[in-house]
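User: I would like to go through the labels attached to this structure and hear what each one rests on. Please set the values against the definitions as you go.

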Amino acid sequence: MSQTYAVIAETREGKLRQVTFEAIEAARRAQQGKAAVAAVLIGHQVTELAEELARYVDGPVQVVDRPKLAAYHAEATFQAAIAALNGLNPSAVFLGHTAIGRDLAPMIAARLEAGQISDVTAIEHAGGDTIYVRPLYAGKAFERKRFAENPDGTQIVTVRPNNFPAAEPLPSSGPVVTSSETPLPNLRSAVKEIVRKTSGKIDLTEAKIVVSGGRGVKSAEGFRPLERLAEVLNAAVGASRAACDAGYCDYAMQIGQTGKVVTPEIYIACGISGAIQHLAGMSQSRIIIAINKDPEAPIFKVADYGIVGDLFEVVPLLTEELEKA
Ligand code: FAD
């Protein structure tokens, strides 16, 4: 195989993020036997993670290991990524469509003069072309795109979390190539500390189930029944912007056009009307359950199951029944 498709791995709190394995699966599906799939791992003291990653790729794992890369830093991580990619000379680069991927991918595309297709949810093959499918207008339409013919051009693809299955490990591991010499010149800032606001809670963008609250929750206290339900379901808790604006919860929980995009197996919307800007962040969820006391609420148009009722009655009842199960 003469070509390489590279996946830029993402880590959080000493672990490889789920989206990394999904991006590897996307790269496998895109390459169609034409290319080896390699990985780039950027961080500090990541030897064990590199070995884990190597079990999923048939190309090398190119590691850039420096103290300055312990936390994501736009300039430093970008420079490290470019150094690693230069070593691999990939025809395509895959990243998660996460906060980090969305930051890094356009910088890499600009530096490599590469084309970019973002927020891909499926990959198809037609007439020898690889077609990347991405949702538009809050999932109301889909766009099918392919890269223009350019045998020398690199292709950058970002993959929406929770849309591709995580790659399965391969029978043998790819080699790990570590560089601790990569220069990181002229950094104009440094990360001093990362303070987590939602400690102990499940990552919203990776959660299989999300319980979300809107203005109908009425107060910070009103989120408690939702948190109880989330605990029972091992779910993450999200919110509409109205709930965040009202100070009921942290903006880190906001789902929608200007918040996070989630695609869980089950999304439970409680006291959320279903504004288009909210749908932009959750309409691709596999099953949508809406609890709203207004039978005319637009959320019921996208919901697979709807419960017309007061969330303060329905949510505790649901929790009680699920606890028995
Ligand atoms: P509301 O629309 O007020 O709906 C509250 C719902 O709760 C109602 O349907 C009501 O029937 C129901 N309810 C009330 N009490 C109960 C009860 N006891 N039991 C059951 N149901 C009850 N919004 C986002 O969410 N995410 C975004 O990222 C986002 N980005 C935006 C970007 C822009 C540029 C703009 C202009 C807006 C954006 N918005 C976003 C705001 C969006 O337009 C809506 O205002 C917001 O989503 C409404 O939130 P909500 O559904 O919680 O509130």
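Analyst: A residue is called buried under 20% relative accessible area, exposed over 50%, and partly exposed in between, with a 1.4 Å probe and protein chains only. The model is a predicted one, in which local features need pLDDT of at least 70 and side-chain atom pairs count only at pLDDT 80 or more, while totals for chains, interfaces and linings use all residues. Residues are numbered from 1 along each chain as its sequence is written, and side-chain values use heavy atoms, with hydrogens and water left out.

User: Why is P171 called exposed?

Analyst: The relative accessible area of P171 is 88%, and exposed requires a value over 50%, so P171 is exposed. P171 sits in the loop between β11 (155-159) and β12 (176-179), where strands are DSSP runs of E of at least two residues and helices are runs of H or I of at least four, numbered from the N terminus. Although P171 and R55 are 116 residues apart in sequence, their C-alpha atoms are 7.6 Å apart in space.

User: What makes H73 a buried residue, and what does its side chain reach?

Analyst: H73 has a relative accessible area of 7%, and therefore counts as buried. This residue belongs to the loop between β5 (61-65) and α3, and its side chain reaches the backbone nitrogen of A76 at 3.1 Å. A polar contact is a pair of N or O atoms within 3.5 Å; within protein, one must be able to donate a hydrogen and the other to accept it, and residues adjacent in sequence count only if both atoms are side-chain atoms.

User: Which value of phi does Q32 have, and why is Q32 called partly exposed?

Analyst: Q32 is not a glycine, yet its phi is positive, at about 50 degrees. Most residues other than glycine have a negative phi. Q32 lies in the loop between α1 (18-31) and β4 (35-43), and its relative accessibility is 46%, so Q32 counts as partly exposed. E113, also not a glycine, has a positive phi near 50 degrees and is found in the loop between α4 (99-112) and β7 (115-120); its relative accessible area is 72%, so E113 is exposed.

User: Which backbone atoms lie by oxygen atoms of the ligand, and which by a nitrogen atom?

Analyst: A backbone N or O atom of Q257 lies 3.0 Å from an oxygen atom of the ligand, and a polar backbone atom of G271 is likewise 3.0 Å from a ligand oxygen. For L311, a backbone N or O atom lies 2.9 Å from a nitrogen atom of the ligand.
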